[in-house]
Amino acid sequence: TAVPSPVREPVAELDPRFSEARAVPTTWADGQMILETAQTYWLSTVRTDGWPHVTTIDGGRVDGALHLTTGDEEQKRRTR
């Protein structure tokens, strides 16, 4: 049986070109709390024609994994 690898905490870095000099990244603990308490998320994708697409999507976290809802024919569900 496969042994799961330990989960490592992400390292957040801000790009100084897009952040104020005094800005600090959100901590992973705060990010997890936001994900766990949210009921609606913003999903950003790129359409097949190259244009960006942003939409709200319902979801929730179960056992540490984020689960999102969508219909079978929705573009955001398609992998190609």
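**A three-stranded antiparallel sheet**

Three strands form an open sheet, ordered β1-β2-β3, with antiparallel pairing. The edge strands, each pairing on one side only, are β1 (40-46) and β3 (65-68). Neighbouring strands of this sheet are turned by 50° against each other on average, direction ignored. Such angles lie between axes fitted as lines to C-alpha atoms, for helices over the stretch in contact, and run from 0 to 180 degrees between N-to-C directions. Two strands count as paired if DSSP finds at least two bridges between them.

This is a predicted model: local features need pLDDT of at least 70, side-chain atom pairs count only at pLDDT 80 or more, and totals for chains, interfaces and linings use all residues. Residues are numbered from 1 along each chain as its sequence is written, and side-chain values use heavy atoms, with hydrogens and water left out.

Now the chain order. The protein chain holds one helix and three strands. From the N terminus on, the elements run α-β-β-β. Helices (H or I, at least four residues) and strands (E, at least two) are DSSP runs, numbered from the N terminus.

Take the β1 and β2 pair next. Seven antiparallel bridges join β1 to β2, which covers residues 52-62. Trp-42 stands opposite Thr-56 in β2. Val-46 stands opposite Pro-52 in β2. The hairpin of β1 and β2 has five residues between the strands, and Gly-50 there takes a positive phi near 95°.

The other pairing follows. β2 and β3 pair in the antiparallel sense over four bridges. Gly-60 has His-67 in β3 as its bridge partner. Two residues lie between β2 and β3 in their hairpin, where Asp-63 in the turn has a positive phi of about 50°.

Side-chain charge pairing comes next. The count is one salt bridge, defined as a side-chain nitrogen of Lys or Arg within 4 Å of a carboxyl oxygen of Asp or Glu. The side chains of Arg-17 and Asp-15 form it, at 2.5 Å from N to O. Arg-17 is exposed, at 66% relative accessible area. Asp-15 is partly exposed, at 27%. Buried means under 20% relative accessible area, exposed over 50%, and partly exposed in between (1.4 Å probe, protein chains only).

Last, the overall form. Of the 80 residues of the protein chain, 5% count as buried. The radius of gyration is 16 Å, whereas a compact globule of 80 residues would have one near 12 Å. That radius is taken over C-alpha atoms, and the globule rule is 2.2 Å times the number of residues to the power 0.38. Along its principal axes, the C-alpha trace spans about 45 × 40 × 25 Å.
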